[in-house]
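Subject: Structure for your review

Dear colleague,

Please find below the structure that I am handing over to you. The findings follow directly after it.

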Amino acid sequence: DRCKCWNHIIPYQPCHYTNFHLHIVMVFLCSGRIIEDVLFPIKTYTLAPGEEVNTGFSNFGLYLMRTTSTGQTAVVLIGTSSNSSVIVGSEATFTTDLTSTTSRFIVNRKENNGNIFVKNITTIERQFQIKRFRII
């Protein structure tokens, strides 16, 4: 019996942990989807001064934030509540403090288990990216 996905390359071996994950990877590749886009989705936004966006991400975990113009980068660890987030990296550009008035991006939830919002509190239009790291 062979893998229905890549039947000409990899023989199917049932329920071996490593082979199972390899098979899943092959299924994603065969369906035309890029693994990185599935496991580590990235979104890009351009925000005017004072503008806020709902990223649509609601999972707790690890997020990579980056400004596309200056390349400032930070890792944000986001918990399930609105006060359980931590920034590692460029704190001059990103913060999790919802009451901040310093010129940067605010990244956090507005309510427990809610979606993650990003607000541009700088004085210029800025573009940023947010990438979610999914644990499977």
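The secondary structure of the chain amounts to two helices and nine strands, where helices (H or I, at least four residues) and strands (E, at least two) are DSSP runs numbered from the N terminus. Along the sequence the pattern reads α-α-β-β-β-β-β-β-β-β-β.

Please note that this is a predicted model, in which local features need pLDDT of at least 70 and side-chain atom pairs count only at pLDDT 80 or more, while totals for chains, interfaces and linings use all residues. Residues are numbered from 1 along each chain as its sequence is written, and side-chain values use heavy atoms, with hydrogens and water left out.

Overall figures

The chain has 136 residues, of which 33% count as buried; buried means under 20% relative accessible area, exposed means over 50%, and partly exposed lies in between (1.4 Å probe, protein chains only). Accessible areas come from the Shrake-Rupley method with a 1.4 Å probe, and for residues only the protein chains shown count as cover. Among contacts (heavy atoms within 4.5 Å) between residues at least 6 apart in sequence, 50% join residues at least 24 apart.

Salt bridge

A salt bridge is defined here as a side-chain nitrogen of Lys or Arg within 4 Å of a carboxyl oxygen of Asp or Glu, and the count by this rule is one. The side chains of Glu 52 and Lys 110 form it, at 2.6 Å from N to O. Because Glu 52 lies in strand β2 (residues 52-54) and Lys 110 in the loop between β7 (105-109) and β8 (116-120), the pair ties together parts that are 58 residues apart in sequence. Glu 52 is partly exposed, at 35% relative accessibility, and Lys 110 is likewise partly exposed, at 47%.

A buried loop residue

Ser 81 is found in the loop between β4 (73-78) and β5 (85-89). With a relative accessibility of 16%, Ser 81 counts as buried. Leaving aside residues up to four places away in sequence, Ser 81 touches Asn 108, Arg 109 and Asn 112.

Nonpolar surface patch

Leu 62, Leu 77, Val 86, Val 88 and Phe 133 make up a nonpolar patch on the surface, together giving about 370 Å² of accessible area. Patches consist of residues with over 30% relative accessible area and no salt bridge, with like charges joined within 9 Å and nonpolar side chains (Val, Leu, Ile, Met, Phe, Trp, Tyr) within 5 Å. Phe 133 belongs to strand β9 (residues 126-133) and is partly exposed, at 31% relative accessibility.

Yours sincerely
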